[in-house]
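Work through the exercises below with the sequence and the model side by side. Try each task before reading its solution.

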Amino acid sequence: MLGWFPGHMNKARRQIAEVLPEIDVVIEVLDARLPYSSANPMLAELTRHKPVLKILSRADLADPERTAEWVAYFDAQENMRALAVTTTNTRELKKIPKLCHELAGAVRADRDVRVMVMGIPNVGKSTLINGLAGRKIAKTGNEPAVTKRQQKVRIDGRVALTDTPGVLWPKIEDQASAYRLAATGAIRDTAIEYTDVAIVTSAELAKRYPDALTERYKLKELPPYAAPDIPHDIDADGPKKPDFLAIAGFDGNAILKDIAARRGGLRPGGAVDLHRGAEVLLHELRDGKLGRLTLETPADIPPPPVQNDEDNQALSDA
């Protein structure tokens, strides 16, 4: 279970809760390659009574067919719309103010629609705001958590934006999400063992995009798929969690070793530098050099936890 909650993120959560009563619409910026994993469940709880526009950023890096599935999934939710964009494409961004007005409904004629922009670090939130404003307002960067405080800006279309710092949640319970976030750089490379991230990502790509993987790295063949065994317990002090190094179904270690050997990771004596392979795979994935890929679909959303009798009793007594 990944724990990650710097002090400025805790402060940002409190600030968001204070400002939300004045907000008409919430924009949540998601990475189009992982729209479920890049959605902060803490923000969903904070904004559950507000109309939400889900912006799927980096759509130019994502699989267009999977992106269409995600847009349809979000559009089917109550009080929610979705739009896939490339945040540097100003023509696509021009649709956003209109959608905000539609979601907000009736707003007094003498004021703008008040919109709060949210998202986890490194999903393109600041690039989106700069594109909407037509000038550099928010600081951008490849490192998570560049924005440290709330910023406000008025944009064309009678919309007033409030930017917020990127906020991750205290513990990422879903280990699949943790690995996918690490693969795309949404969390720092030191948060999870770098080579482990690449091993899991290799196996995921073998399952979802085998042709892209073999063509990019000139792999002769991929290891055979093997149905995983029962998930292993990787959380000694909590409920059983699946160990994605053990149940990926493909031998990610063998794939990564092959990539490393072909990309400068072959050492004297035949030893293979897996860290070199991890650098190559993850950097090229983040740069879009493997093609347009999406690491999850709506079918990958885990079912809600089953409540036991004690939980039901507690809810009825509340």
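The exercises that follow go from the whole chain to the sheet, an aromatic cluster and the core.

This is a predicted model, in which local features need pLDDT of at least 70 and side-chain atom pairs count only at pLDDT 80 or more, while totals for chains, interfaces and linings use all residues. Residues are numbered from 1 along each chain as its sequence is written, and side-chain values use heavy atoms, with hydrogens and water left out.

**Exercise 1.** Describe the protein chain as a whole.

Solution. Begin with the secondary structure: the protein chain holds 13 helices and eight strands, where helices (H or I, at least four residues) and strands (E, at least two) are DSSP runs numbered from the N terminus. Next consider burial: 48% of the 318 residues count as buried, a term that means under 20% relative accessible area, against over 50% for exposed and partly exposed in between (1.4 Å probe, protein chains only). Finally, look at contacts, defined by heavy atoms within 4.5 Å: among those between residues at least 6 apart in sequence, 71% join residues at least 24 apart.

**Exercise 2.** Find the strand order of the open sheet of six strands, and explain which strands stand at its edges.

Solution. Reading across the sheet gives β4-β3-β2-β5-β7-β6, with mixed pairing; two strands pair if DSSP finds at least two bridges between them. Strands β4 (80-84) and β6 (151-155) each have a single partner strand, so one side of each is left without a neighbour in the sheet. From one strand to the next, the twist averages 25 degrees. Helix α3 (residues 64-75) lies across β2 (25-31), β3 and β4, and runs at about 160 degrees to β4; here axes are lines fitted to C-alpha atoms, for helices over the stretch in contact, and angles run from 0 to 180 degrees between N-to-C directions.

**Exercise 3.** Work out how ring pairs link Trp70, Tyr73 and Phe74 into a cluster.

Solution. Rings of Phe, Tyr and Trp (its six-membered ring) pair if their centres lie within 6.5 Å, and planes under 30 degrees apart count as stacked, over 60 as edge-to-face and the rest as tilted. Trp70 and Tyr73 both lie in helix α3, three residues apart, about one turn of the helix. Their rings are 5.8 Å apart centre to centre with 85 degrees between the planes, an edge-to-face pair. The rings of Tyr73 and Phe74 have centres 5.4 Å apart and planes at 65 degrees, so this pair is edge-to-face. As for burial, Trp70 is buried at 0% relative accessible area, Phe74 is buried at 6%, and Tyr73 is partly exposed at 31%.
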